[in-house]
Amino acid sequence: MIEVYNDEYFMKQAMQEAQKAYEMDEVPIGAVVVSEKRIIARAHNQVQMLNDVTAHAEILAITSASNFLGNKYLHGCTLYVTLEPCTMCGGALRWSQIDKVIYGASDDKGGFMRFGKEFLHPKTKLEYGIMEEEIRAIMRTYFSSKRD
């Protein structure tokens, strides 16, 4: 039996959010939070629009999911995000005690993994590399348009 709601499905949903950010001339990063195979929060970068350096997709998704659940902790939830979270977002994920983080493409310059997986909550599981090529492509396109 084919599972429709798998990691690739949810990462595609995060990619749809990244596309929204791209169309708003924001860095194209998207995120969704999933609980029991159901998306409970969607977000994309809104740093420029909100004039807020903390308006990263992950932060907005954490806030939305917490509001949905009525709880500051995201137990039983998975975050799907197109790009490896930065240290600010990694810290927020740590404090949220989210069960699992899945990101598509690594961010060698700004990602939290340069400090190690220990940056997340000890119980948080981590996976990466889902749809990596598609995610790298939208990031390359966005940043090459900024250099022209």
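Between which two helices does the loop that holds Asn51 lie? Select Asn51 to begin, and you will find this residue in the loop between helix H2 (47–50) and helix H3 (57–69), where helices (H or I, at least four residues) and strands (E, at least two) are DSSP runs, numbered from the N terminus. The model on screen is a predicted one, in which local features need pLDDT of at least 70 and side-chain atom pairs count only at pLDDT 80 or more, while totals for chains, interfaces and linings use all residues. Residues are numbered from 1 along each chain as its sequence is written, and side-chain values use heavy atoms, with hydrogens and water left out.

**Two residues with positive phi**

Stay with Asn51, whose phi is near 55 degrees, a positive value in a residue other than glycine. Most residues other than glycine have a negative phi. At 73% relative accessibility Asn51 counts as exposed, on a scale where buried means under 20% relative accessible area, exposed over 50%, and partly exposed in between (1.4 Å probe, protein chains only).

Next, select Lys37 in the loop between E1 and strand E2 (38–44); Lys37 is not a glycine either, and its phi is positive, at about 65 degrees. Its relative accessibility of 48% makes Lys37 partly exposed.

A search of the whole structure finds six salt bridges, each being a side-chain nitrogen of Lys or Arg within 4 Å of a carboxyl oxygen of Asp or Glu. Lys12 is partly exposed, with a relative accessible area of 41%, and Glu8 is partly exposed at 41%.

Move along to Lys20 and Glu17, whose closest N and O atoms are 2.9 Å apart in a salt bridge. Because they are three residues apart in helix H1, about one helical turn separates Lys20 from Glu17. Here Lys20 is partly exposed at 39%, whereas Glu17 is buried at 3%.

**A link between distant parts of the chain**

Finally, select Asp25 and Lys146, whose side chains meet in a salt bridge at 2.5 Å, N to O. This pair links distant parts of the chain, 121 residues apart, with Asp25 in the loop between H1 and strand E1 (30–35) and Lys146 in helix H5 (residues 132–147). Asp25 is partly exposed at 41% relative accessibility, and Lys146 is partly exposed at 42%.
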